[in-house]
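Here is a friendly walk through one protein model. Keep the picture open beside you as you read.

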Amino acid sequence: MNNNGIEEVRARLEEARSVAVLTGAGVSAESGVPTFRGAGGLWRNYRAEELATPQAFARDPALVWGWYNMRRETLADLSPNSAHTALAALEGRLEDFTLITQNVDALHAMGGSRRIVELHGNIWRVRCTGCGAVRENRDVPIAIPPSCDKCGALLRPHIVWFGEALQDDVIAAAYAALERCDLLLVIGTSGVVQPAASMAAAAKGAGAYVVEVNIEATPNTTVVDQMIVGRAAEMVPLIVGVNR
Ligand code: OAD
Ligand code: ZN
């Protein structure tokens with residue numbers, strides 16, 4: 001482990017006035033959330049890329065909802081870990097802080113974070129395929145097929161699927177934070193799904209000091225100023241300086 005790297009990052013964090021964080025499934029791994037890629041990333045022989053698409057939902061909504069029910073069941077029992085709570089503590093020290101997450105698990109909010117940009121939506125929200133209404137829905141399991149209480153049409157998860165565009169206001173909020181931050185932490189993401197995969201480079205290009213925390217190298221590793229190899233729940237509290 002590279003302790004010099006951690007000291008450097010801590011010093012940079014002390015000086016930073018504006019901090020952004022980009023997280024992926026790895027930040028929730030130690031809460032028990034399965035990651036999408038790698039071992040354990042399969043469900044009934046389907047890959048996330050085959051289920052999280054508008055085409056899969058059009059073909060077989062019950063299959064896709066079955067997968068989301070499995071994920072809802074898993075997530076309903078889980079709690080934020082020390083990476084989530086350390087990021088909330090960091091937010092409390094800074095006037096300008098933005099947490100950009102690809103995760104739909106809502107664990108950052110449970111961990112106390114407030115200024116959150118959810119790039120890919122939230123698993124506890126549903127959207128009507130007829131009238132477009134978005135509702136919170138915490139049913140576990142959700143009745144299949146779920147229907148809209150306003151218009152009766154089929155409900156879908158309020159999640160951005162492969163092949164779908166992110167919401168304009170969400171993308172704008174993320175890029176505004178990336179462009180004005182002095183320091184970006186990129187935690188637990190494989191860096192292969194766009195547009196998040198380009199965000200480390202965008203912040204770097206705008207002058208930020210960029211730090212990656214991951215258990216292994218990713219395409220972002222060649223872009224960042226500092227790579228901290230290790231588990232998020234262990235490394236993020238060390239970097240942020242909580243639990244000392
Ligand atoms: P991935 O599953 O692709 O990658 C998880 C990353 O976390 C990998 O780089 C792992 O090495 C790393 N990792 C695993 N355990 C870790 C730990 N304990 N500490 C630190 N790092 C760890 O997840 P994402 O990059 O989030 O999209 O995937 C991006 C998107 O693809 C997801 O948001 C999802 C998926 O399809 C949607 O749901 C729309
Ligand atoms: Zn409706």
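Predicted model: local features only at pLDDT ≥ 70, side-chain atom pairs only at ≥ 80, totals over all residues.

Let us begin with the strands. Six of them form an open sheet in the order E5-E4-E1-E9-E10-E11, and their pairing is parallel. Strand E5 (116-118) and strand E11 (226-229) stand at the edges with a single partner strand each, so one side of each has no neighbour in the sheet. On average, neighbouring strands of this sheet are turned by 15° against each other, direction ignored.

Now look at E1, which has E4 and E9 beside it in the strand order. E1 and E4 run parallel and are joined by six bridges. In this pair, serine 18 stands opposite aspartate 96 of E4. Between E1 and E9, also parallel, there are five bridges. Here valine 19 has leucine 183 in E9 as its bridge partner.

Is strand E1 enclosed or open to the outside? Six of its six residues are buried, so E1 is largely enclosed by the rest of the structure. Ser18, Ala20 and Leu22 point one way from the strand, while Val19, Val21 and Thr23 point the other way, and all are buried.

Moving along, strand E9 (residues 183-187) pairs with strand E10 (residues 209-214) in the parallel sense over five bridges. Leucine 185 faces valine 211 in E10.

**Helices on the sheet**

Helix H5 (residues 82-93) packs on the sheet, where it touches strand E1 (18-23), strand E4 (96-101) and E9. The direction of H5 makes about 150° with that of E4. Helix H7 (residues 168-180) packs on the sheet as well, touching E1, E4, E5 and E9. For H7, the angle with the direction of E4 is about 130°.

How do we look for empty space in a model? Rolling a probe the size of a water molecule over the atoms shows where empty space is left.

| Pocket | Volume | Lining residues | Classes in the lining |
|---|---|---|---|
| Largest pocket | about 820 Å³ | 42 residues | 20 nonpolar, 16 polar, six charged |
| Second largest pocket | about 290 Å³ | 22 residues | 12 nonpolar, seven polar, three charged |

In the largest pocket, Ala25, Phe36, Arg37, Gly188 and Ser190 lie nearest the centre. Helix H4 (61-76) and E10 are the elements that give two or more residues to this lining. The largest share, three residues, comes from H4.

Pro34, Thr35, Phe36, Trp67 and Arg71 lie nearest the centre of the second largest pocket. Two or more residues of its lining come from each of strand E2 (42-43), strand E3 (46-47) and H4. Again H4 gives the most, this time with five residues.

**A buried residue in a loop**

Last, find isoleucine 142, in the loop between strand E7 (134-136) and strand E8 (155-159). Is this residue buried or exposed? Its relative accessibility is 4%, and buried means under 20%, so isoleucine 142 counts as buried.

Which residues does isoleucine 142 contact, leaving aside its neighbours within four places in sequence? They are Trp65, Asn69, Arg72, Val126 and Asn137. Glutamate 73 lies 69 residues away along the chain, and its C-alpha atom is separated by 9.8 Å from that of isoleucine 142.

Note on methods:
Residues numbered from 1 in each chain as written. Chains lettered and ligands numbered in written order. Heavy atoms only, no water. Pairing = 2+ DSSP bridges. Helix = DSSP H or I, 4+ residues; strand = E, 2+ residues; numbered from the N terminus. Axes fitted to C-alpha atoms, helices over the stretch in contact; angles between N-to-C directions. Contact = heavy atoms within 4.5 Å. 1 Å grid on protein atoms, 1.4 Å probe; cavity = no way out; pocket = protein on both sides within 12 Å on 5 of 7 lines; lining within 4 Å. Points joined across faces, edges and corners; volume = space filled by probe spheres on them. Nonpolar A, V, L, I, M, F, W, Y, C, P; charged D, E, K, R; others polar. Buried < 20%, exposed > 50% of the residue type's maximum accessible area, 1.4 Å probe, protein only.
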